[in-house]
Amino acid sequence: MTRPGTVELESLRLASYINAVPCYICQHPNKHTDEFCSQCQAPLALAHQAANQKNPPRLVAAIGAAGVGKTVYLGTLMDMLSRQEERLQVLVRGAFSVNLQQSTIAALQQGRFPEKTPSEPDRWNWVHCQIRCRRRSKPLELIMPDLAGEALLEEVEHPHTYQIIGEFLRRCAAALVFIDAADLFGGSAQQDHFTMKLLSYLVEVDRDLRRGWPARPVAIVLSKADQCDWAFENPTQFAQQHASGLVRLCRQWFRKHHFFAASVVGACVVGRNAYAEEVAVPLRVEPRGLVDPFLWLLRQLYGRKLG
Ligand SMILES: Nc1nc2c(ncn2[C@@H]2O[C@H](COP(=O)(O)OP(=O)(O)OP(=O)(O)O)[C@@H](O)[C@H]2O)c(=O)[nH]1
Ligand SMILES: [Mg+2]
Ligand SMILES: [Zn+2]
């Protein structure tokens, strides 16, 4: 018996690609009306915004284990930079790019940390920002998504689970790699191991010595440094002492890398949420060292032109 069904005519399928929008991350052609790429789930708003640009936006990765502080760092950094009037002016492009700073700042103002980033790619916040500096007439454009640490771990352990992560990291121009300084200080080797796996994954994605990751700038950010103040005094020495494997790997593979220490809050206490679970409660928002890694990356990417 033949079952009734609907078969899309080949001519109709081809017609739908005449106005196709190539995804900005994986280049897959999508329907103009789609919100997310059907292949990798990146928002098509990125492709629409980039379409009218002479200089296509460059991709910057912010990566690290789950709970390392990526969301808090990115949201606060974007909020600080978009208010700054001197040196460098940052303008966040498109309403969907504002979500990250809005939700982070709202949470911190209410005396809590923002929610964990969901693993589903269509729920990630993608920041597309325009950077104006004195010495350049043309603005620079960057795209930085706030990826979920759990999705990163899954992709690193089982490559191709999250196609979007592989495609994105292959095309990135630079990376901010986060490692939890408080955990390292507490003697945990987990952070060191995961970050080493993550950096090895980057090299696997593109190991070309001239254009691949060995030549791209990598800023390693020791996050939550408020918990171990001396990380601020000498971040490289701190890393050597508490994450020696990572330091060795960086020296071996990444020609342009630098260690930084950063923290968003001045201090935290342990409180309880509505389900009586223990959670960290930020006492004061007191950002330290947030802008330096970002500025360093920009200088590596744009050199003297940055001003
Ligand atoms: N002491 C201190 N704790 C921080 C800081 N930033 C983040 N935290 C703590 O780290 C937790 C996780 O921060 P997030 O920014 O959500 O971490 P994430 O890397 O985005 O995690 P995923 O979304 O799971 O990938 C927060 O809930 C806080 O408890 C900081 O600057 N200092
Ligand atoms: Mg997050
Ligand atoms: Zn895609």
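**Exercise 1.** Find how close an oxygen atom of ligand 1 comes to an N or O atom in the side chain of K116.

*Solution.* Step one: the distance from that ligand oxygen to the K116 side-chain atom is 2.9 Å, which makes it a polar contact (a pair of N or O atoms within 3.5 Å). Step three: turn to the backbone, where a polar atom of G149 lies 2.7 Å from a ligand 1 oxygen. Step four: ligand 1 taken alone exposes 650 Å², and the protein buries 89% of that (Shrake-Rupley method, 1.4 Å probe).

A word on the model: it is predicted, with local features needing pLDDT of at least 70 and side-chain atom pairs pLDDT 80 or more, while totals for chains, interfaces and linings use all residues. Residues are numbered from 1 along each chain, chains are lettered from A and ligands numbered from 1 as written, and side-chain values use heavy atoms, without hydrogens and water.

**Exercise 2.** Work out which strand gives the most residues to the shell around ligand 1.

*Solution.* Start with the 21 residues around the ligand (a heavy atom within 4 Å); K70, T71, G149, D226 and V264 come nearest. Next, strand 10 gives the most, with 4 residues (strands are DSSP E runs of at least two residues, helices H or I runs of at least four).

**Exercise 3.** Locate the partner of D79 in a salt bridge.

*Solution.* The partner is R83, with the closest N and O atoms 3.0 Å apart (the cut-off is a Lys or Arg side-chain nitrogen within 4 Å of an Asp or Glu carboxyl oxygen). Then place them: both lie in helix 3, 4 residues apart, about one helical turn.

Definitions and conventions:
Polar contact = N/O pair within 3.5 Å; in protein donor to acceptor, adjacent residues only side chain to side chain.
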